[in-house]
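User: I am new to reading folds. Can you take me through a helix and a sheet step by step?

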Amino acid sequence: METILKKTPSYTHVGTFKGFLFVFAVIIFLGVLIFSQYLIGELREEARRSLSRNIEHYSFLLENAEPAKAFEEIQKIDVPIILTDEEGNPKFWKNVDIAPQDSSDAAIQKLKGMLKSMDRVVEPIPLEYTVDKTDYFHYGDSNLVAFLRMMPYLFVFVAGLFVMVGYLGFKHIKDSEQRSVWVGMARETAHQLGTPLSSLLGWMELLKSGDANEKVFAEMDKDIARLEQITARFSQIGSEVKLQNADLLPIVSDSIRYYRRRIPQSGKHISLVEDFREQIETMVNPYLLGWVIENLIRNGIDAISEGEGRITVSVAKDNGSAFIDVTDTGCGIDPANKRNIFRPGYTTKHRGWGVGLSLSKRIIEDYHGGKLSIRESHLNEGTTIRISLPIK
């Protein structure tokens, strides 16, 4: 049985996340706008009540022939005010950017322009001296209300600046990661192709010398099969992946055999141990799963720096899941680096390119619906990386 699994592009999730952020920002903006408008309304009502009390007191003092005290009452007002007659001619003004003693035509025209702006926001308060004489107090917003009116726009500016800086930073990080991935993939390709090609070149020289035998042809067949395997692996990255029902043990065994042949060339004395408890079948892509296991074994080999060690690959199942654990006796992972080891481009190796584990995680989680994680790791003791696969 074969299943075609179409990889969901990562940019879809990024787009969804950006959409969520945009909706969240709009909700925050609307909330700030509504709340600030509510505060502005309450403060304007309070300012009107306070101004009305001042005007009533002012009117009372004028009626009782106490103009000096009435003037003192007016001085208590801290909002912009303009007192006019019934015709709209300014008689007195305070807390505006025109000097109280400036009665020039230009000043009067500017005051009349201010009157229109004030009256569009709040209605003037009438001041009745007599039955046939009424003046009007026109007033504007206090400094606090003016600030609250500007706050939503200030919020949009600050939020926009923050989003722009965040976007540029995120873009820089993504571009750096993408460059690291491309460089890493190029090097990974060269690394994957290098071994079988080098072997084939050696066999070709042997053929030219006329010393070839059946063993040479058998080894050449293995190298050609390896090249075909590598081609199959790279051709499936970023495309529709075919999953098939397969036994995990032969896939794991092939990866172990491949590195058993290569370990002596590294100059290290590392034993590869198989711990297979039972046969397990599930839906996988053998090429890609084998690639992941090889990456984990190679990381284990690199982690063993003393020249001697052991790598154990175990396969088991429990509660509907299959587990492949790769345990090494290497240097372990620093706790500060555990969150970064699966990030593209991240590596602690002097000659590494930071693509193996990130690619492996994508293969397991995006293509197989499983999970790749650090089961345990202790400095100077070793690490266990676990592949979890659903049994289907």
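Analyst: Start with a term. A residue is buried when its relative accessible area is under 20%. Keep in mind that this model is predicted.

User: How many residues of α7 are buried?

Analyst: 14 of the 18 are buried, and α7 is mostly covered.

User: How do I read the helix itself?

Analyst: An α-helix has 3.6 residues a turn, so residues three or four places apart point the same way. Here, α7 covers residues 286-303. From first C-alpha to last, α7 reaches 26 Å, close to the 26 Å expected at 1.5 Å a residue.

User: Which residue has a side-chain oxygen close to the backbone nitrogen of Y287 at the start of α7?

Analyst: N285. Its side-chain oxygen comes to within 3.2 Å of that nitrogen.

User: Now the sheet. What holds strands together?

Analyst: Strands of a sheet pair through backbone hydrogen bonds, either parallel or antiparallel. In this case, 5 strands make an open sheet with mixed pairing, in the order β7-β9-β10-β12-β11. β7 (269-276) and β11 (371-378) are the edge strands, and each pairs on one side only. On average, neighbouring strands are turned by 15° against each other, direction ignored.

User: How many bridges join β11 to β12?

Analyst: 7, and the two strands run antiparallel. Take I374: its bridge partner in β12 is I385.

User: Which helices lie across β11 and β12?

Analyst: α7 lies across β7, β9, β10, β11 and β12, at about 25° to β10. Helix α8 (residues 356-367) lies across β11 and β12, running at about 130° to β11.

Notes:
Residues numbered from 1 in each chain as written. Predicted model: local features only at pLDDT ≥ 70, side-chain atom pairs only at ≥ 80, totals over all residues. Heavy atoms only, no water. Helix = DSSP H or I, 4+ residues; strand = E, 2+ residues; numbered from the N terminus. Expected span 1.5 Å × (residues − 1). Buried < 20%, exposed > 50% of the residue type's maximum accessible area, 1.4 Å probe, protein only. Polar contact = N/O pair within 3.5 Å; in protein donor to acceptor, adjacent residues only side chain to side chain. Pairing = 2+ DSSP bridges. Axes fitted to C-alpha atoms, helices over the stretch in contact; angles between N-to-C directions. Contact = heavy atoms within 4.5 Å.
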